[in-house]
Amino acid sequence: MAVKIVRQVKSIALLGAPTSAAGLAAGQEGAPAALRAARLAERLTGAGFLVTDYGDCAPRIYKPDDEHPRARNVSDVLAILDELRPKIEIAVKSGALPLILGGDDSVFLAAIAGARRYYRHVSLISMDRDAGLNVPATTPSGCLDGMVISHVVGRGAPELVRFWGEPPLIREPDVAVFGIDRVDEPEQKWLGRSPLRHYLAVDIKKRGAAAAAQQALETVHGSRHEFVLHLDLDVIAAEDFAATNSPASDGLSLEEVRQALGVFVRQPTLAALVVAGYNPTRDADGRAARIVIDLLEEVLTPRLQPPAAAEGAESTESAVTTASGTAAAETPPNLSEAAERVADAALAPPNAGSEQPDSTATPSEDIAPEKSPDVVSGGEPSGE
């Protein structure tokens, strides 16, 4: 049975996925707590959003895993995906924008699966310095983050390829990797024959970040149907942001990332936003956390402005207030109560101020994507 989703343009569902299990070192699991402590929810509330906080999943921390040298810590990665996915489904059904604070990149698999629970068409735009296209047979490290796009398109570790339904989670022509400049030789060979869209950092800089972002959006049909946006903060050049496991010079500047995000995030078809790659153990003074929060507030705030045709309309949601009357982040006492509350809101008839429902689907439905021209490929080996 299809479910009608009514967009709540002022609502953000905040979810934490404290994990470093898919990476190469511990530290990233602290990202959700560090960004909360830096007052992310309060900043978004102050900007005008209604923030519902679904809390954090149980932490999964990187550890050596010599028993699985080609897919390290795969059981821990699968465990957090299974825990996170139903929370994202609830958030999507509520009509809010899920904002997932991840540690490593693997968590965006749960975001895609959660969106696919309700939407027939789901694309992916991944802003990442690494291609994420290794597979267990080619990985030099066993790091599951280095295979994350392969998991999406049905080529990665079998446990993650099949963790939700029949693979692929998303077909290759509906995936865009944006900002890459570290590509291993096997990844580069595969890109040369794949319809997956890929945008090199050097080409983005030449063309302009906003123009390249608009092209990426159109090639995966993101202006016409729902898409998940993944931001790995290591896509930002180390000169502007170094609190990641693998900071490097060159790549995209913070300003270029801001311009591209501005194009992606303002789309009403954005189904979920995943922020990953921040390592607070490399951010002793908290400066990097403030950069992340400033960036998110700046790119998200334009979503509060109604389209020209809808100016003057009232929003359907109501703020949760503290005793002083100030809007505050709401923390569901438990997931089942949150599920009842958001389900009731999602199934209620939309009033005059609500946006029109987006496309709907049952979980198993999928439609063959349209074809678009490929983008230039190439890059340097990363060793991930």
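Predicted model: local features only at pLDDT ≥ 70, side-chain atom pairs only at ≥ 80, totals over all residues.

Biologist: Which helix does Asp76 lie in?

Modeller: Asp76 belongs to helix 3, which covers residues 74-94.

Biologist: And what does the side chain of Asp76 make a polar contact with?

Modeller: Its partner is the side chain of Lys63, at 2.4 Å. Once neighbours within four places in sequence are set aside, Asp76 is in contact with Ala21, Arg60 and Lys63.

Biologist: Changing topic: at what angle do the axes of helix 2 and helix 11 cross?

Modeller: The axes of helix 2 (residues 40-47) and helix 11 (residues 287-300) cross at roughly 25 degrees and come within 10 Å. An angle under 35 degrees counts as roughly parallel, so that term applies to helix 2 and helix 11. Their crossing is right-handed.

Biologist: Which residues make that contact?

Modeller: Helix 2 contributes Leu40, Arg43, Leu44 and Ala47, while helix 11 contributes Ile293, Asp294, Leu296, Glu297 and Leu300. Of the residues in this contact, six are nonpolar, three are charged and none is polar.

Biologist: Now the whole chain: how many helices and strands are there?

Modeller: The protein chain has twelve helices and eight strands. Of its 384 residues, 56% are buried.

Biologist: What share of the contacts with a separation of 6 or more joins residues 24 or more positions apart?

Modeller: Such pairs account for 78% of those contacts in the protein chain.

Key: Residues numbered from 1 in each chain as written. Heavy atoms only, no water. Helix = DSSP H or I, 4+ residues; strand = E, 2+ residues; numbered from the N terminus. Polar contact = N/O pair within 3.5 Å; in protein donor to acceptor, adjacent residues only side chain to side chain. Contact = heavy atoms within 4.5 Å. Axes fitted to C-alpha atoms, helices over the stretch in contact; angles between N-to-C directions. Parallel < 35°, antiparallel > 145°, perpendicular 65-115°, else oblique. Left-handed = near helix turned anticlockwise from the far one by under 90°. Nonpolar A, V, L, I, M, F, W, Y, C, P; charged D, E, K, R; others polar. Buried < 20%, exposed > 50% of the residue type's maximum accessible area, 1.4 Å probe, protein only.
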